[in-house]
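This briefing sets out selected features of a structural model, grouped by topic. Please read it alongside the sequence and the coordinates.

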Amino acid sequence: MSRHHTTTDQTEPLLRVTDLRTQFRTDDGVVRAVDGVSFGLNAGETVCLVGESGSGKTVTAESITRLVDCPPGEISGRIEFRGEDLTAASEDRLRSLRGAEIAHVFQNPQDALNPVHTVGWQVAEVVQIHESVSRRAARKRAVDLLDRVDIPDPAATADAYPHELSGGMKQRVLVAVALAGEPDLLIADEPTTALDVTIQAQILDLIADLQAEFDMAVLFVTHDLGVVARVADRVVVLYAGKVMERAPVDRLFDAPAHPYSRALLACLPGRGESNGAIPGNLPDATDPPPGCRFASRCPFAVEDCHEGDHPPLAPVAEDTDVEAGATVGDPPAGSAPLAASSAERSASPDAGPDREHVAACLFHGEDYDAAHLDREVAWSAAEGDHGE
Amino acid sequence: MAGDEPAPDGGTARGAGTGFEGIDWTAVDDAGSAGPSAAVTAEVLVLLGLAAALVYDYVVLANEAPTVGVVGWDVTGVEWLLVVVLVVGAFHAALPLARNRRLTAYYWRQFRKNRAAVVSLGFLGVVFLVGLVGPLIWTAPNEAIDYAAAYQPPVFAGGSWEHALGTDAQGRPIWHLIVYGMRVSLEVGLISMVFAISIGTVVGTAAAYFGGYVDEALMRYVDLQQTFPVFILLLLLIYLYGASLLLIIALYGLFSWEGTARLVRSEALQRGEEAYVRAAEATGAGRWWTIRRHLIPNVSSTVITAATLSIPVFILGEASLSFLGFGDPDVFSWGRTISAGRSDLPNAPWISTIPGLFLFLTVLAFNFVGDALRDAIDPR
Amino acid sequence: MGMKWYVVRRVAWAVVATYLAVSLTFGLLMVTPNAGADVAAAQAAASGQDYDAVRERYLERRGLDRPVEEQYVDYMTNILTLDWGYSFSQGEPVLAAIGEAWVYSAQYFVPSILISALLGYGIGLYSALNRYTPTDYLGSFVAYFGISIPNFWFAIVLILLFGVVFRLLPTFYDSGVALLSVQNAKQLLLPVVVLSTASVAGQMRYSRAQAIEYARSAFVKTARAKGASEWRVLTRHILRVALVPLSTILIADVLAVLFAGSFIIETIFQIPGLGRLALEAIQQRDTPLVLATTLIPVFIAILGNLLQDLAYVALDPRIDYGDR
């Protein structure tokens with residue numbers, strides 16, 4: 001799991017999450033919502049956390065600035081922001097980071113604004129919390145920000161209450177709230193999921209524009225691979241609290257390595273034969289079965305997949321994506337040589353941290369042949385009928 | 001979408017609850033087919049039998065003669081009502097619970113999580129039994145007057161085991177006063193509750209279902225009733241008509257249903273939007289059929305909680321009235337006993353404090369059970 | 001525009017409610033035998049006069065033998081013009097008796113309302129933000145205790161403890177004590193504690209439940225993500241939003257609990273306030289005074305509800321004026 005540290009002589013990433021674990025104590029046992037997640041994020045870059053509902057992507061995102069309820073949530077591991085470990089930071093320190101250095105945009109704009117304050121007040125609040133400015137100055141900044149996120153007649157809208165705005169407008173306000181502290185990192189948790197399709201595109205464009213303008217890094221949480229294709233530089237695929245695959249976005253789409261990633265991609269309209277859902281359910285988060293978390297739903301699973309720990313992240317052989325645009329199920333031109341050592345692979349010129357491609361699957365490990373994953377499998381045959 | 005991640009606490013329980021709420025209870029009810037009609041017949045027969053006995057008691061038997069000769073129990077008006085309430089309760093609460101074993105077991109597992117509530121339920125069971133049967137075992141306080149035995153302290157304060165909880169100024173054993181007080185509390189709590197909850201449920205569902213002017217008129221009335229302080233209305237009516245337990249029970253029942261009506265209305269408005277109600281309407285079910293078979297059973301979780309939590313309010317209310325001297329002079333309410341003991345507070349504090357403790361514990365137990373029921377049935 | 005119409009409607013509703021309440025009391029008087037006449041007739045009969053004749057003369061003298069609608073108009077006019085009649089039990093006009101009594105009631109009633117609101121909300125919000133801590137459990141315990149303990153019994157036990165056993169506080173109220181004195185504060189302590197216990201507990205439970213609901217809400221998460229301090233989140237976000245539903249319970253619930261409690265408190269501590277006045281009136285079958293002491297709490301309740309509806313306008317920008 002720590003193999004990717006071999007190339008840390010690069011400049012320090014803006015955010016580096018190492019072996020993050022977040023768990024909740026409940027009546028039914030300890031829920032391991034995030035169970036050893038690692039990834040990095042460079043300044044100005046967009047990384048997507050992708051996964052189904054319950055994969056732990058939101059908890060991961062909210063663990064970074066400890067927004068998860070804590071207790072009952074317990075966070076361990078390392079979260080380095082500009083080299084500072086946030087898991088060890090005091091609540092005061094985190095508070096000074098939240099909104100100023102690390103901002104959030106949440107999923108549902110309907111509930112994310114306080115219903116009894118004007119939107120102008122809510123944008124100005126960020127300025128007032130982090131800077132000692134007059135009320136007037138804060139308000140002026142708020143109006144400018146509302147203007148910047150393309151809200152028509154910002155001065156009048158600043159005096160409006162959230163219920164007077166549409167969903168898309170509210171999300172623009174929330175983006176303005178996030179921008180108010182001029183953060184270096186924006187954590188956007190499904191910011192478009194609750195919106196109409198046309199509005200989604202507008203918000204995505206807005207975030208992209210602002211990212212370029214303010215040189216922000218964006219950690220984008222989504223379940224929508226269409227959004228991923230549009231915004232991501234790199235992608236982290238999560239499943240049941242574990243990282244399944246980390247890859248540059250082109251590699252993920254062209255040569256998905258993990259069976260789970262392939263299944264997700266197969267669900268995209270026009271790819272593969274699946275009709276929108278992966279058969280089966282997430283494993284029990286309080287008491288996961290041994291072996292690979294995905295094994296019970298994986299059509300390639302062999303006996304070893306159901307034993308021991310979740311497989312470690314292993315580099316994916318570079319040449320699997322020789323044939324650009326390969327669809328799931330197509331055999332790649334040249335299969336990975338069985339005995340290629342990891343050192344050999346990471347030594348290849350393209351394997352810098354930004355081009356890192358790893359997958360947590362036995363078949364990408366040293367004892368198996370990844371070509372096994374390329375045999376023809378009908379996804380729907382893996383588990384009976386799926387009527388969602 | 002909202003349930004993206006496991007909820008920090010009780011995520012699974014909530015999941016189960018949601019699924020639970022989604023069940024159309026009509027289907028569950030009818031699962032044992034043929035059963036319901038038999039139960040309804042049995043209930044009607046029992047109630048008819050009671051009515052016949054009531055007529056017999058009032059028309060044939062002399063006023064002074066005991067109704068149930070063997071144990072010498074002369075059933076009074078309020079007691080008749082209590083019997084009716086118990087019969088209705090048996091057919092509409094105990095029977096369905098016994099029939100749906102799986103469901104009952106589920107409720108019980110949820111309920112059991114709350115230790116205090118389980119202990120409270122046990123205590124209430126004892127109060128219920130003693131209140132029901134006790135007056136047949138222990139003599140009425142007025143027949144136990146014994147001036148020679150006045151002011152005997154309870155056994156823990158140096159008294160004798162003969163009167164373990166002591167005696168009052170007229171030598172009446174405190175225990176007898178408590179037993180008869182239990183009966184009064186039982187009557188007030190249960191009968192008023194059935195009155196209030198029935199009216200509240202009917203008004204609430206009707207307002208939600210018919211909407212428009214019906215809703216407006218009913219809710220305006222509820223507004224008015226909520227504005228009018230019930231306690232003062234009660235004092236006024238008791239002033240005008242004289243105090244009797246039946247009047248107090250009826251007044252509490254008739255003037256304290258507005259909270260239930262509001263709850264049920266908002267619940268029914270939500271439920272009315274759900275698929276099974278729409279489906280029932282689409283298949284051409286009549287309005288009352290839809291209300292009775294679909295809406296009412298499905299707001300039952302709200303109603304059960306409201307019912308349990310209204311009982312202690314009624315018990316406390318009646319005790320307060322009796323304490324002030326506006327209670328029924330013919331019954332031994334706990335409030336009355338506590339009031340009577342006030343003048344002896346310095347020399348015989350047990351007369352007021354022991355019945356008060358029972359009143360306190362009973363009310364406390366109902367509150368515990370009510371809250372635990374809400375958590376078990378309606379986890380939110 | 002919508003707001004003005006809403007305010008007009010709420011004021012109109014308060015007027016209608018008042019009218020209905022007064023009419024209700026009239027209706028009740030009409031359908032029941034006249035208590036005052038019975039008292040007068042019984043006294044006359046005791047002194048050898050004819051019961052029925054005296055009774056009739058009594059009714060005639062007060063115009064009670066006239067047609068119902070005439071009496072109704074009279075009754076309503078009298079109530080409206082504050083001509084509330086003469087109380088024979090107090091030997092003075094009804095309004096004069098009330099004017100003397102209300103001072104005593106207000107002395108413990110006003111502090112109780114303030115304590116209910118401040119302490120109830122304060123503890124409720126605190127335990128909501130510190131769930132599953134010992135303080136929260138203690139708070140819940142106190143809340144159950146408060147809503148379950150019969151206030152008359154609680155008063156008796158407190159008098160027994162602090163008055164009889166420890167002799168720290170007086171066992172009853174002495175109206176001869178100066179209003180602003182330590183002694184007065186001491187004798188008001190137990191009444192205020194007893195009266196506010198139940199409503200403090202009620203407010204605690206309710207505000208805790210509300211605050212927990214809002215503490216989990218998305219807008220609170222947004223506020224935290226802005227870097228807001230816990231205090232700011234609590235006051236500017238949770239409390240500010242929770243005030244809307246909490247304001248409704250404050251008036252309706254607190255008034256109801258306190259009205260009922262005031263009769264008990266004044267009886268036990270022998271405070272010569274409105275509650276005692278009402279009880280004496282009922283015991284002596286002094287109808288004008290009974291009516292007055294019934295109507296005053298009703299008017300206060302209606303006024304309280306009106307204020308609460310108006311508070312809504314100030315507190316909740318989402319209010320749908322058409323719907324209420």
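A salt bridge here is a side-chain nitrogen of Lys or Arg within 4 Å of a carboxyl oxygen of Asp or Glu. By this rule B:Asp371 pairs with C:Arg205, with the closest N and O atoms 3.1 Å apart. The model is a predicted one, in which local features need pLDDT of at least 70 and side-chain atom pairs count only at pLDDT 80 or more, whereas totals for chains, interfaces and linings use all residues. Residues are numbered from 1 along each chain as its sequence is written, chains are lettered from A and ligands numbered from 1 in the order in which they are written, and side-chain values use heavy atoms, with hydrogens and water left out.

**Interface of chain B and chain C**

- In this interface, 41 residues of chain B are in contact with 48 residues of chain C, contact meaning heavy atoms within 4.5 Å.
- About 4100 Å² is buried between chain B and chain C, and carbon and sulfur atoms give 76% of it; buried area is the accessible area (1.4 Å probe) that two parts lose on being put together, summed over both.
- Of the area that chain B buries against chain C, 18% is supplied by B:Ile232, B:Tyr239 and B:Phe360, more than any other three residues.
- The rule finds one salt bridge across the interface of chain B and chain C; B:Asp371 and C:Arg205 form a salt bridge.

**Chain A overall**

- Chain A contains twelve helices and twelve strands; helices (H or I, at least four residues) and strands (E, at least two) are DSSP runs, numbered from the N terminus.
- Of its 388 residues, 53% count as buried; buried means under 20% relative accessible area, exposed over 50%, and partly exposed in between (1.4 Å probe, protein chains only).
- The accessible surface of chain A comes to about 15800 Å², with 48% belonging to carbon and sulfur atoms; accessible areas come from the Shrake-Rupley method with a 1.4 Å probe, and for residues only the protein chains shown count as cover.
- Among the contacts in chain A with a separation of 6 or more, 69% are between residues 24 or more positions apart.
- A:Glu52, in the loop between β3 (46-50) and α1 (57-64) of chain A, is partly exposed at 22% relative accessibility.
- The C-alpha atom of A:Glu52 is separated by 8.7 Å from that of A:Ala240, 188 residues apart along the chain.

**Salt bridges within chains**

- Over all chains, a search of the whole structure finds 38 salt bridges.
- A:Asp35 forms a salt bridge with A:Arg21, the closest N and O atoms being 2.7 Å apart.
- Because A:Asp35 lies in strand β2 (residues 29-41) and A:Arg21 in strand β1 (residues 15-26) of chain A, the pair ties together parts that are 14 residues apart in sequence.
- A:Asp35 is buried at 7% relative accessibility, whereas A:Arg21 is partly exposed at 31%.
- A:Lys140 bridges to A:Asp144, with 3.3 Å between the closest N and O atoms; the two residues are four apart in helix α5 (residues 135-148) of chain A and so are separated by about one helical turn.
- A:Lys140 is exposed, with a relative accessible area of 54%, while A:Asp144 is partly exposed at 40%.
- In chain B, the side chains of B:Arg265 and B:Asp215 meet in a salt bridge (2.8 Å, N to O).
- B:Arg265 lies in helix α11 (residues 258-272) and B:Asp215 in helix α8 (residues 212-227) of chain B, so this pair ties together parts that are 50 residues apart in sequence.
- B:Arg265 is partly exposed at 22% relative accessibility, and B:Asp215 is buried at 14%.
- Salt bridges that share partners join A:Asp19, A:Arg21, A:Asp35, A:Lys242 and A:Arg293 into one network.

**Cysteines**

- A disulfide is a covalent bond between the sulfur atoms of two cysteines.
- The structure holds zero disulfides over all chains, a disulfide being counted as a pair of cysteine sulfur atoms within 2.5 Å.
- For A:Cys298, the closest cysteine sulfur is that of A:Cys305 at 6.2 Å, which is too far for a bond.
- The sulfur of A:Cys361 likewise lies 6.2 Å from its closest cysteine sulfur, in A:Cys305, too far for a bond.
- A:Cys298 counts as buried at 14% relative accessibility, and A:Cys361 counts as buried at 7%.
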